[in-house]
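Me: I have a structure open and would like to talk it through. Can you take my questions one at a time?

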Amino acid sequence: QVQLRESGGGLVQAGGSLRLSCLASGRTFTNYNVGWFRQAPGKEREFVATISRSGATFYPYSVKGRFTISRDNAENTVYLQMNSLKPEDTAAYYCAADAATLTNINYAYWGQGTQVTVSS
């Protein structure tokens with residue numbers, strides 16, 4: 001089992017920045033890929049960023065160049081730095097961990113989410 005806890009969400013104006021954190025506990029953190037997903041009301045959960053066990057990163061076009069995912073294995077934490085935020089980035093953001101999955105939604109472990117609201 002891997003337990004995940006997100007933090008760092010909040011209200012920010014368009015063009016601003018936020019840094020989300022995902023703290024993991026349980027099994028060896030370095031064995032897992034960690035992804036960030038988001039879900040807006042009435043929409044499906046969508047992929048935002050992933051960092052693999054080896055440190056490779058993946059982003060969809062919608063956030064590439066604005067969002068940066070990183071991991072600190074010593075602290076069992078993955079970060080999502082979000083810059084140049086837009087109102088359409090408003091959503092609940094979830095981190096997830098899996099030994100194999102990278103960019104699709106089939107992660108084994110999920111956090112409870114943290115809300116990000118971007119005002120125009």
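Me: What share of the contacts in the protein with a separation of 6 or more comes from residues 24 or more positions apart?
Reply: Such residues account for 58% of those contacts, a contact being heavy atoms within 4.5 Å. This is a predicted model, where local features need pLDDT of at least 70, side-chain atom pairs count only at pLDDT 80 or more, and totals for chains, interfaces and linings use all residues. Residues are numbered from 1 along each chain as its sequence is written, and side-chain values use heavy atoms, with hydrogens and water left out.

Me: How many helices and strands does the protein have?
Reply: There are zero helices and 11 strands. Both are DSSP runs numbered from the N terminus: helices are H or I with at least four residues, strands E with at least two.

Me: New topic. Which residues does the disulfide join?
Reply: Cys22 and Cys95, with S to S at 2.1 Å; a disulfide is a pair of cysteine sulfur atoms within 2.5 Å. Cys22 sits in strand S3 (residues 18-26) and Cys95 in strand S9 (residues 91-98), 73 residues apart, so the pair links distant parts of the chain.

Me: Is Cys22 buried or exposed?
Reply: Cys22 is buried, as is Cys95. Buried means under 20% relative accessible area, exposed over 50%, and partly exposed in between, using a 1.4 Å probe and protein chains only.

Me: And what percentage of the protein counts as buried?
Reply: Of its 120 residues, 43% do.

Me: What does the C-alpha trace span along its principal axes?
Reply: About 40 × 30 × 25 Å.
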